[in-house]
Amino acid sequence: MSGATDAAAEVVNVECVFDMRRDADGTKSDRMELHYKLDKTTGRAILEGNAGLSDVVLHMGTEGFSFIEVTGSGAVMTTTVVISTGRAVHSRNTVIVRELVESQYLGRCSR
């Protein structure tokens with residue numbers, strides 16, 4: 001998030017920690033962290049990951065909110081957070097070498 005308006009921007013950091021993964025092989029302990037930044041002035045949201053920064057779409061609801069990422073392969077990944085508790089699920093629907101690889105991570109997010 002850069003530009004001339006950065007000084008006036010209010011950026012909210014959303015830090016997510018997931019401790020459990022569900023996939024085709026079952027449920028297992030698996031730690032993953034995701035770091036989102038939301039510019040409340042522009043509405044722009046990004047995911048800071050091991051591959052750099054990715055633009056994501058923020059969808060706000062009355063009970064929760066979701067970050068939605070669409071990759072170049074056409075895969076969709078979402079993180080949905082319950083506002084009142086911080087409970088969260090990160091769903092990955094990934095296409096790798098023409099195969100669908102699906103998984104869900106369970107954990108919590110906080111500001």
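Select I96, which lies in strand β7 (residues 87-96). Strands here are DSSP runs of E with at least two residues, numbered from the N terminus. The model is predicted: local features need pLDDT of at least 70, side-chain atom pairs count only at pLDDT 80 or more, and totals for chains, interfaces and linings use all residues. Residues are numbered from 1 along each chain as its sequence is written, and side-chain values use heavy atoms, with hydrogens and water left out.

Stay on I96 and show its surface. I96 has a relative accessible area of 45%, so it counts as partly exposed. The cut-offs are under 20% for buried, over 50% for exposed, and partly exposed in between, with a 1.4 Å probe and protein chains only.

Together with I96 they form a nonpolar patch on the surface, with about 280 Å² of accessible area. Such a patch takes residues with over 30% relative accessible area and no salt bridge, and joins nonpolar side chains (Val, Leu, Ile, Met, Phe, Trp, Tyr) within 5 Å. A salt bridge is a side-chain nitrogen of Lys or Arg within 4 Å of a carboxyl oxygen of Asp or Glu. The areas come from the Shrake-Rupley method with a 1.4 Å probe, and for residues only the protein chains shown count as cover.

Next, look for aromatic rings. The whole structure holds 2 aromatic pairs. Select Y36 and F67: their ring centres are 4.0 Å apart and their planes meet at 5 degrees, so this pair is stacked. Y36 sits in strand β2 (residues 26-39) and F67 in strand β5 (residues 64-70), so the pair links parts of the chain 31 residues apart. Rings of Phe, Tyr and Trp (its six-membered ring) pair if their centres lie within 6.5 Å; planes under 30 degrees apart are stacked, over 60 edge-to-face, and the rest tilted.

With F67 it forms an edge-to-face pair, 5.7 Å centre to centre and with 85 degrees between the planes. Y36, F65 and F67 form one aromatic cluster. F65 is buried at 16% relative accessibility, and F67 is buried at 2%.

Finally, colour β2 and strand β3 (residues 45-49). These strands run antiparallel and are joined by 4 bridges; strands pair if DSSP finds at least two bridges between them. K37 has I46 of β3 as its bridge partner. In this hairpin, with 5 residues between the strands, select G43, which takes a positive phi near 85 degrees. Then move to strand β4 (residues 52-60), which runs antiparallel to β3 with 5 bridges. There, V56 is the bridge partner of A45.

Note on methods
Patch = residues over 30% accessible without salt bridge, like charges linked within 9 Å, V, L, I, M, F, W, Y side chains within 5 Å.
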